[in-house]
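Here are a few notes to go with your first look at this model. Have the structure open as you read.

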Amino acid sequence: MPLLLLLQLAGGCSRIPRIIVLEDPLTAAEHVELGVAYERKGELDLAQREYERALLKDKKFFRARLNLGNIFLAKKEYGKARKEYLRALELQPGDAEATNNLSWAAIFSGEGIDDALGRMESVVTGPGGRRATLLDTLGVLRMHANRPGSAEEAFALAEELCRQAGVTPREGLKEEAPCPEEVLREIEDHRGELRKRFPSPSPGSNR
């Protein structure tokens, strides 16, 4: 075969490939909905990917930021979880859910307890803050801050509110009212933990 023909054939096979850029058709909200679906199935990595994609579309999307923090919390990556919750709280200062979850990141990691405690105190004393789940979290924070007297007060009030609402079986319940049975059980467990940590706290001590 002549050399010229070989070069022509080689040249014909060396075309520059056409680059196709695919545009993401989903909105930020749709990515979050997809992430929630993955999260419910326990597919945390896929859920994380969707929340991150939502934030690429809208970095001020509060729910995407909060849900991403929840993924990191579930993965026990507490530093990353805390970072996302703080970013969420920059978007919605004082949000009860973000503050509550930030508190659990602090409780599990042992870091940022005082900051989380201050934020949770503000939430609980604010409008709509007298909820059993929030008061239970406050009690755990106070316990970890070595304030057994005020921790017991928070647990006692949480239990009182729960019982006033009426404890219902797990199936067919609503989130806050009446009080889910597992919430009351968690409160009782935390009170038991408090008594083990501080066997005989006198009333009003270490407040």
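1. A quick reminder before anything else: this is a predicted model. Start with helix α6, where W104 and F108 sit four residues apart, about one turn of the helix. Their ring centres are 5.5 Å apart and the planes make an angle of 40 degrees, so this pair counts as tilted.

2. How exposed are these two residues? W104 is buried, at 18% relative accessible area, while F108 comes out as partly exposed, with 48% relative accessibility.

3. Now bring in Y78. The count of aromatic pairs comes to two, and Y78 with F108 is one of them: it is tilted, with 5.8 Å between centres and 35 degrees between planes. Y78 belongs to helix α5 (residues 78–91) and F108 to helix α6 (residues 96–109), so this pair links parts that lie 30 residues apart in sequence. Taken together, Y78, W104 and F108 make one aromatic cluster.

4. Next, move along to helix α9 (residues 148–165) and helix α10 (residues 181–197). Their axes come within 10 Å and cross at roughly 160 degrees. Since an angle over 145 degrees counts as roughly antiparallel, that is how α9 and α10 are described. Their crossing is left-handed.

5. Which residues make that contact? On the α9 side they include P148, F155 and C162, and on the α10 side they include V183, I187 and L194. By class, the contact of α9 with α10 holds 10 nonpolar, one polar and five charged residues. E152 and R163 of α9 are among the contact residues, as are E188 and R191 of α10.

Conventions: Residues are numbered from 1 along each chain as its sequence is written. This is a predicted model: local features need pLDDT of at least 70, side-chain atom pairs count only at pLDDT 80 or more; totals for chains, interfaces and linings use all residues. Side-chain values use heavy atoms; hydrogens and water are left out. Rings of Phe, Tyr and Trp (its six-membered ring) pair if their centres lie within 6.5 Å; planes under 30 degrees apart count as stacked, over 60 as edge-to-face and the rest as tilted. Helices (H or I, at least four residues) and strands (E, at least two) are DSSP runs, numbered from the N terminus. Buried means under 20% relative accessible area, exposed over 50%, partly exposed in between (1.4 Å probe, protein chains only). Axes are lines fitted to C-alpha atoms, for helices over the stretch in contact, and angles run from 0 to 180 degrees between N-to-C directions. Angles under 35 degrees count as roughly parallel, over 145 as roughly antiparallel, 65 to 115 as roughly perpendicular and the rest as oblique. A crossing is left-handed if the near helix is turned anticlockwise from the far one by less than a right angle, and right-handed if clockwise. Contact means heavy atoms within 4.5 Å. Ala, Val, Leu, Ile, Met, Phe, Trp, Tyr, Cys and Pro count as nonpolar, Asp, Glu, Lys and Arg as charged, and the others, Gly among them, as polar.
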